[in-house]
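Please open the model in a viewer and keep the selection tool at hand.

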Amino acid sequence: MTLENNYGDNTGTPSNHAVITRGERYALLVRCPQCSFYQVKYSFENSMNNNIRYGSKRAGLRRCCANCNSQFRMNSMHNTHILAEVRANKHRAVAALKDVADCANMHPNPSSVSRKDLYEYYNTSQNYEAKGVPKPFKDWNKRRRGA
Ligand SMILES: [Zn+2]
């Protein structure tokens, strides 16, 4: 079987079908495994789903850290450095993820920031009362579980 790449074919070159086959563009809240820097990265929905379905060897989801420049796999079968997802065209939602990244990076020791801290940063930035797991975090967890 041939996997679709980001360009909608298996040659690595852009085609006229690119827009149709890549799916929606998403913004992802990601933590660098090397330096714990939090940042927002972008990916197409098909790339994420292929990565989850076929594994990172066949459908890698690699990005470079904006802080330490190391390249890392955002998600693999055993580990994920993605924390939350929102549609990239939802500008307020993307801004909220960037707020969370900024708050986490301002922590004196970003590697000790917990999921609970991230949820709190998110809810605070949205003026929500802190309760439960915010939707962007739930959405990614659901996708990763294949729900
Ligand atoms: Zn880094």
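The stops below go from the overall fold to individual side chains.

**Before selecting**

The model is predicted, so local features need pLDDT of at least 70 and side-chain atom pairs count only at pLDDT 80 or more, whereas totals for chains, interfaces and linings use all residues. Residues are numbered from 1 along each chain as its sequence is written, and side-chain values use heavy atoms, with hydrogens and water left out.

**Stop 1: the whole chain**

Display the cartoon. The protein has five helices and five strands; helices (H or I, at least four residues) and strands (E, at least two) are DSSP runs, numbered from the N terminus. Their order from the N terminus is α-β-β-α-β-β-β-α-α-α. Of the 147 residues, 41% count as buried. Buried means under 20% relative accessible area, exposed over 50%, and partly exposed in between (1.4 Å probe, protein chains only).

**Stop 2: Arg143 and its partners**

Which side chain meets Glu45 in a salt bridge? It is that of Arg143, at 3.3 Å from N to O; a salt bridge is a side-chain nitrogen of Lys or Arg within 4 Å of a carboxyl oxygen of Asp or Glu. This pair links distant parts of the chain, with Arg143 in helix H5 and Glu45 in helix H2, 98 residues apart. Glu85 also forms a salt bridge with Arg143, with the closest N and O atoms 2.6 Å apart. Here too distant parts of the chain are linked: Glu85 is in strand E5 (residues 82–87) and Arg143 in helix H5, 58 residues apart. Arg143 is buried at 12% relative accessible area, Glu85 is buried at 5%, and Glu45 is partly exposed at 22%.

**Stop 3: Asp139 and Lys135**

Move to another pair within helix H5. Asp139 and Lys135 lie four residues apart there, about one turn of the helix. Their side chains meet in a salt bridge of 2.9 Å, N to O. Lys135 is exposed, with a relative accessible area of 58%. Salt bridges that share partners join Glu45, Glu85 and Arg143 into one network. A search of the whole structure finds four salt bridges.

**Stop 4: a charged patch**

Select Lys131, Lys138, Lys142 and Arg145, which gather in a patch of positive charge on the surface. Lys131 is in the loop between helix H4 (115–125) and helix H5 (135–145), and is exposed at 67% relative accessible area.

**Stop 5: two residues with positive phi**

Asn127 also lies in the loop between H4 and H5. Its phi is positive, about 60 degrees, although Asn127 is not a glycine. Asn127 counts as exposed at 72% relative accessibility. Now select Ser36, in the loop between strand E1 (25–31) and strand E2 (38–44). Ser36 has a phi near 65 degrees, again a positive value in a residue other than glycine. Is Ser36 buried or exposed? Ser36 is buried, with a relative accessible area of 6%.

**Stop 6**

Select Met106 in helix H3 (residues 91–106). Met106 counts as exposed at 66% relative accessibility.

How values were computed. Patches are made of residues with over 30% relative accessible area and no salt bridge: like charges are joined within 9 Å, nonpolar side chains (Val, Leu, Ile, Met, Phe, Trp, Tyr) within 5 Å. Accessible areas come from the Shrake-Rupley method with a 1.4 Å probe; for residues, only the protein chains shown count as cover. Lys and Arg count as positive and Asp and Glu as negative; His and the chain ends are not counted. The place of a charge is taken as NZ of Lys, CZ of Arg, CG of Asp or CD of Glu.
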